Amino acid sequence: MSVTGPSEPMLLAPKDAAKPAIGAATSRVDARLKVTGGARYGSDIDGGRQPAHGYLRTSAIARGRVTRIDETEARRVPGVLEILTFRNVGDRIKPGKTLSDQGYMGSSIAPLASDRIQHAGQIVALVVADSFEAARDAAQRLDIAYAEERPSATFDSPGLKEGLTNPKPKSKEGEESGDENPKVGDARSAFATAPVKVDQRYETPTQHHNPIELFTTTCAWSGDELTVWESSQNMYGFKNGLAEQLGIPADKVRTVSPFVGGAFGSRGSLTQRTAIVALAAKMVGRPVRLEATRSDGFTIATYRAETRHRVRLAAGHDGKLLALIHEGWEISSRPDDYKVAGTDASTRLYACPNVDSNVTIVHADRNTPGFMRSPPETPYLFALESAMDELAVALKMDPVELRRVNDTQVEPIKGLPYTSRALMPCFDAAAAAFGWSKRTPEPGSMRDGDWLIGWGCASSMYPTQMGAASARVTLSPQGRVIVQTATHEIGQGVTTVIALTAADRLGVPLDQVTVEVGDSRLPPSPVASGSNSTASVCNVVAKACADIRERIVSAAVVPGAPFAGVTPASLVLADGKLTTPDGRAEPLAQAMARATGGAIEAYAENIPHGVKPDALQGLYKGQGKLAGGAKMKDRIQFAFGAQFAEVCVHRLTREVRASRVVGAYAAGRIVNPKTAKSQLMGGQIWGISAALHEATEIDRRTARYYNDDLAEYLIPVNADITRVETIFLPEQDEKVNDLGIKGLGELGNVGLNAAVANAVWHATGVRVRELPVRIEKLLVA
């Protein structure tokens, strides 16, 4: 295996998988690079040519103005090259639109544009010096004074601004876009007259991504051309967005991201730091490298917005839902309308004739939130699945059976059929593996010495998405394959599934496939979000491979060819040979020579339903962005799962341990079960973390984060995670796309926070409706 360098990230598959096939459990093609330190991440690349180093100074207040920046002491530090502030940047960098507003940015706040401060931790200066230490020393010596105004920190703070997500915005073409608040029937009247009701409020906290790799950017100019090395989930989005900010042609910008050390949504939108570093590199005439601190990562990038919910469920005595009303409130920044709007999922999970929903954006003096693994579903299904558990208690019904009674093959809002829906088979498989039949329903009835044992469950769901993608595949007469596409290896194993797809379709050993990704000079692919990468990229790679196969096969069956008269579809391309059903074979090199006389190259594009036909061409020209396809008009697409959790709560101390979790998932065709299982297990562990550990604490007086480091931001360690079981249910769904791939990277953590909270109630009789579940919330009279 080899990597040719940061400008041409190439991955050669290992030799231990000689006969690959889609669906075969396969070791990562990049595994050796990663475990030996050979993988090059954005943070490993310095741009060469004596790179200078940058260090940020960020705002100590959340709202107000900068009244003084005295650079005297900072400029006395040996090695300081330049100091960028609003005084020498101003309008040289355009703000750009946010990703949720059809732009590229994580925030619309223009970097270093004025003296105005709109959130704590906003960038107020970048110091550039010969060394990291000199830049840090100088940044800390800047004398900055502020005129502070009273900030609005979070829910219930004075001075907040509220705005509804309704109505849905219209695109220029007049088509609906953005999020909606689904409604059907008369939910409020049905709720008022129903015999069994639940009316409760739930909360989820601010959470931060904290990927292992820090937020690092290196920029270098060669004449009027800019190269940016930055770990990214959005190669073309970064390229085009940065060009727009700097006012230069997009073909003058190249973005490179061979490997990504964790993302989870945090690297999907362009942060305002990148343009500042690019401008600094232009000003000092050298490459500039910025490695932001862990603390700065809490404010210069996005995060999961905190949410509040009111869920009202009504049912008959048989458990069938009669009404579902889900209202949500979400924190965003003062200038931006970023919204999670998860009612689009929560209102479509169960059969219900009367549904109402609404989402309100609450604008505070905070940095703008953004995508974080399963952004809408994780907070919104916590509320819904907690309420479903409370409804089961009110009905004296088993929680699994309540979900069975309300299972449906048609979503309730528009009556659209699911392309496939295996929710209850997931519950049946997970319940059997978990031993759910041994559960006694009374709270506190299951014990192990001083430990109270609780069991809980919840549904998981995630929409199936697919973006416009392109790929170039080249097959040599020697049977070597090169696949090129500007997708992103964010750790999910996309390079492995690409290699598997090409090897499977062209009949070559896996170790003969080389994959090139992570460079904006390669054919464009969509932003790696919404679990769309495998579906988007593998389908277009398969399409290019099909083109190559067609050319080889067509040449082999013409009159005078060895296989003349043979049905083309019956020919098999495998093991470096072209073989007929009766066993006759021809070496691949000979078959290719007849077709082209040499290597065969195929370029393919795949434009899903709802994506403009010229989307890929627009990206090449620096226009537009790649997103998931629009919703189908005649069907609805989701992957489903069932989550079960066991917790142990000490009867005296109220310490909570998640002793085991079981998840069963139906997610279409699984290209590589080995990496897929890792993805789902990671999501399940994150679900435990969301339930029991994670919360970004904020000072309500100053709107500043307290625990902005990994010393105080709680995440689970090995001792917190004991048994995690992951089950795949075979599912064939030919309606979602040609390969039947649904995507699963974000499915594993949805619902598990509710399953854990429901288990805590079963153990203690205490219902915790505000995450995370902590000891003090269980110390009740």
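Residues are numbered from 1 along each chain as its sequence is written. Because the model is predicted, local features need pLDDT of at least 70 and side-chain atom pairs count only at pLDDT 80 or more, whereas totals for chains, interfaces and linings use all residues.

**First stop: Val-311.** Select Val-311, which lies in strand 14 (residues 307–315); strands are DSSP runs of E of at least two residues, helices are runs of H or I of at least four, and both are numbered from the N terminus. Is Val-311 buried or exposed? Val-311 counts as buried because its relative accessibility is 0%; buried means under 20% relative accessible area, with a 1.4 Å probe and protein chains only. Next, display its contacts (heavy atoms within 4.5 Å). Leaving out residues up to four places away in sequence, they include Tyr-202, Ile-325 and Leu-384.

**Second stop: the cores.** A nonpolar core is a set of buried Ala, Val, Leu, Ile, Met, Phe, Trp, Tyr and Cys residues joined through side-chain atoms within 4.5 Å. Select Leu-313, Leu-391 and Phe-644, which touch the most other members of the largest core, of 81 residues. Helix 9 (residues 377–395) gives this core its largest share, nine residues. Apart from it lies another core, of 49 residues, including Val-497 and Leu-739.

**Last stop: helix 16.** Select residues 673–692, the 20 residues of helix 16. Among its buried residues are Leu-680, Trp-686 and Ile-688. Which elements do the buried residues of helix 16 pack against? They pack against strand 26 (638–650), strand 27 (656–666), strand 30 (723–728) and helix 17 (752–764).

Methods
Heavy atoms only, no water. Buried < 20%, exposed > 50% of the residue type's maximum accessible area, 1.4 Å probe, protein only. Expected span 1.5 Å × (residues − 1).
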